[in-house]
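Work through the exercises below with the sequence and the model open. Each task is followed by a solution in steps.

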Amino acid sequence: MNRVLRSGYRSSWPGLVVAAAVLSASACIAPDPPSAPNARFDVALDEGFESDRLDPQRWIAYHNRYGHGNNELACLTPQNVVVAGGTLRLTARAEPTRCPDGVEQPYRSGFVSSRELDRWYPLFGRFEIRARVPHGQGLWPAFWLRHRTGAGTAEVDVLEVFHSQRPGSVSHAVHLPRTRGVNAFRRTVDLEPLPPAGSPGVWHDFAVDIRPVGATGVRFVFSLNGTVTGTFTDPDATWITEAPAEASWDLAVNLAVGGNWVGDPARDPGWLPLVGRCARTGEPPAAGPGSCPADGVRLATFPATFEIDRIRVLAYRS
C-alpha cells in the first residue's frame with residue numbers, strides 16, 4: 001500500500017498468516033490491558049458517539065481521495081459518515097462520485113481523522129475500538145494510528161480486514177518504514193464466521209497496548225475481545241523522540257474500497273490485479289486470475305457499513 005496525504009503512509013504486502021486463534025465476542029471493552037493488569041491511567045479520549053454528529057473538536061471527515069497512491073477506488077465524503085443511534089457509521093456505496101480534485105471514482109466511502117485538527121494522543125497508552133466490520137473482497141475497514149511526523153515514521157494498525165486473503169479474519173500490524181522495515185510485525189487471527197452477504201458481523205473489541213521497555217524500547221501488545229493476539233517489541237525505538245511523548249499519535253478510522261492489496265470489489269475473487277498476485281499466496285497465479293485460491297471469498301455487497309460503537313484512549317502514568 002502507499003497512501004500519502006498530509007504525511008499519511010500505508011505501504012505493505014499483507015503477508016502470509018503468522019498465527020491463528022478463534023476468539024469469541026465480549027460484552028464490553030476490558031478496562032485494563034492484558035499486558036498491564038495493574039496499570040494506572042488517565043482517560044485521554046472516551047468517545048461514545050452519543051450526539052447526532054461528529055464532535056468537531058475530535059474528528060474531521062475527509063472529502064478527498066486519500067489512498068489514491070494505493071489505487072483505491074472511492075471518493076471519501078462527509079456524506080458517507082453518519083453519527084446516529086450511539087454509533088459512528090462509515091458506509092461505502094457503489095455510486096460514481098467526483099472528488100474535489102476533479103477525479104471521478106466508481107465508489108464513495110467515509111474516513112474520519114484527528115490529524116487535521118492537530119489533535120494528538122500519547123505515545124504510551126492503550127487504544128481501543130468496539131466495532132463490527134463488513135466482509136467482502138474490496139472492502140478494507142481499518143482503525144489505525146499514525147505517528148505525528150507521519151506514518152512513514154511509524155504506523156500501528158489496530159484493526160484491518162483483508163477479506164480476499166483470509167475470509168472472516170482480522171489483522172494487526174506495526175510498520176516502521178525508516179527504522180525496522182515496512183512490515184515490522186503482522187498477525188492475522190480468525191474473527192468470526194461470515195454473516196449473510198450484506199450484513200455486518202457481530203460486535204468485537206480490538207485494542208493495542210503500547211508500553212516502554214527499558215530505556216529505548218517500545219512494546220506493542222494487541223488484543224481481541226480481551227485476549228492477547230500478538231506482541232511485538234522494537235528494542236531500539238529511536239523514532240519515539242521525534243514527537244512529544246504526550247502527543248505522538250493521531251487516530252484514523254476508515255472504510256476503503258479497492259486498491260492494491262484487497263482486490264476488486266466486483267470481479268475475480270482471490271485475485272489482486274494491480275499487483276499481479278493471488279491474495280492468499282502472494283504469488284502470481286498458475287493459470288490466470290481464475291486459478292487463485294478463493295475458498296470462502298465473496299465479492300463486496302453495497303452499501304457496506306463499518307460501524308463503531310466506542311473509541312477509547314488510556315494514557316499510562318509512568
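A disulfide is a pair of cysteine sulfur atoms within 2.5 Å. The structure is a predicted model, in which local features need pLDDT of at least 70, side-chain atom pairs count only at pLDDT 80 or more, and totals for chains, interfaces and linings use all residues. Residues are numbered from 1 along each chain as its sequence is written, and side-chain values use heavy atoms, with hydrogens and water left out.

**Exercise 1. Disulfides**

Step 1. With the bonded cysteines numbered in sequence order, they pair 1-2, 3-4.

Step 2. Cys278 is joined to Cys292, with an S to S distance of 2.2 Å. Cys278 belongs to strand β20 (residues 277-278) and Cys292 to the loop between β20 and β21 (304-316), so that the bond links distant parts of the chain, 14 residues apart. Strands here (E, at least two residues), like helices (H or I, at least four), are DSSP runs numbered from the N terminus.

Step 3. Cys75 is joined to Cys99, S to S 2.0 Å.

Step 4. For burial, apply the cut-offs: buried is under 20% relative accessible area, exposed is over 50%, and partly exposed is in between (1.4 Å probe, protein chains only). Cys75 is buried at 0%, and Cys99 is buried at 4%. Cys278 is buried at 3%, and Cys292 is buried at 7%.

**Exercise 2. The surroundings of Thr97**

Is Thr97 buried or exposed, and which residues is Thr97 in contact with beyond four places in sequence?

Step 1. Thr97 is placed in strand β6 (residues 97-98). Its relative accessible area is 13%, so Thr97 is buried.

Step 2. Contact means heavy atoms within 4.5 Å. Leaving aside neighbours within four places in sequence, Thr97 is in contact with Cys75, Thr77, Val103, Glu104, Gln105, Tyr107 and Arg108.

Step 3. The Thr97 side chain also reaches the backbone oxygen of Glu95, at 2.9 Å.

**Exercise 3. Aromatic rings and charges**

Classify the pair formed by the rings of Tyr62 and Tyr66.

Step 1. Rings of Phe, Tyr and Trp (its six-membered ring) pair if their centres lie within 6.5 Å; planes under 30 degrees apart count as stacked, over 60 as edge-to-face and the rest as tilted. This rule gives twelve aromatic pairs.

Step 2. The ring centres of Tyr62 and Tyr66 are 5.5 Å apart and the planes are at 40 degrees, so the pair is tilted. Tyr62 is buried at 4% relative accessibility, as is Tyr66 at 2%.

Step 3. Tyr62, Tyr66, Phe111 and Trp144 form one aromatic cluster.

Step 4. A charge sits over a ring if NZ of Lys or CZ of Arg is within 6 Å of the ring centre and within 35 degrees of the ring normal. Arg146 lies over the face of Trp144, 5.2 Å from the ring centre. The charged end of Arg211 sits over the ring of Tyr316, at 4.4 Å from its centre.

Note on methods: A polar contact is a pair of N or O atoms within 3.5 Å; within protein, one must be able to donate a hydrogen and the other to accept it, and residues adjacent in sequence count only if both atoms are side-chain atoms.
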